[in-house]
Amino acid sequence: MSCGNHHDTPCDEVLARVYTYLDGELDQGGCGEVRQHLDECGPCLREYGLEEAVKKLVNKSCGCDQAPTDLRAKVLGRIEEICGEIQASEGAGKPENV
């Protein structure tokens, strides 16, 4: 998505980081970039507002339930496994230096 106006940080980049921003997982510089863009861009601000509302609704509905420790460990382990497979397949496609 793009509003058609020039911004220091493109709309697509800001929208890709909305959940990271909402979760408070961006560094101070990243937060500043997102805030500045949202202050300048009405379409992105509306999209942010929608995502924020969805996050609040999910948190209200499911926020009290924590995943069991063993399930959390299995999910994180599987994520690491898949990341390793992706890295291995990307490395396999690259020609070796001769």
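Student: Which backbone oxygen lies 2.7 Å from a polar atom of the side chain of His 37?

Tutor: That of Thr 9. A polar contact is a pair of N or O atoms within 3.5 Å; within protein, one must be able to donate a hydrogen and the other to accept it, and residues adjacent in sequence count only if both atoms are side-chain atoms. The model is predicted: local features need pLDDT of at least 70, side-chain atom pairs count only at pLDDT 80 or more, and totals for chains, interfaces and linings use all residues. Numbering runs from 1 along each chain as its sequence is written, and side-chain values use heavy atoms, leaving out hydrogens and water.

Student: Is His 37 buried or exposed?

Tutor: His 37 counts as buried because its relative accessibility is 2%; buried means under 20% relative accessible area, exposed over 50%, and partly exposed in between (1.4 Å probe, protein chains only).

Student: What does His 37 touch?

Tutor: Not counting residues up to four places away in sequence, His 37 touches His 7, Thr 9, Pro 10, Cys 11, Val 14 and Cys 44, where contact means heavy atoms within 4.5 Å.

Student: Where is Val 54 found?

Tutor: Val 54 is in helix H4; helices (H or I, at least four residues) are DSSP runs, numbered from the N terminus.

Student: Why does Val 54 count as partly exposed?

Tutor: Because its relative accessibility is 37%.

Student: And which helix supplies the largest share of the nonpolar patch?

Tutor: H4, with 3 residues.

Conventions
Helix = DSSP H or I, 4+ residues; strand = E, 2+ residues; numbered from the N terminus.
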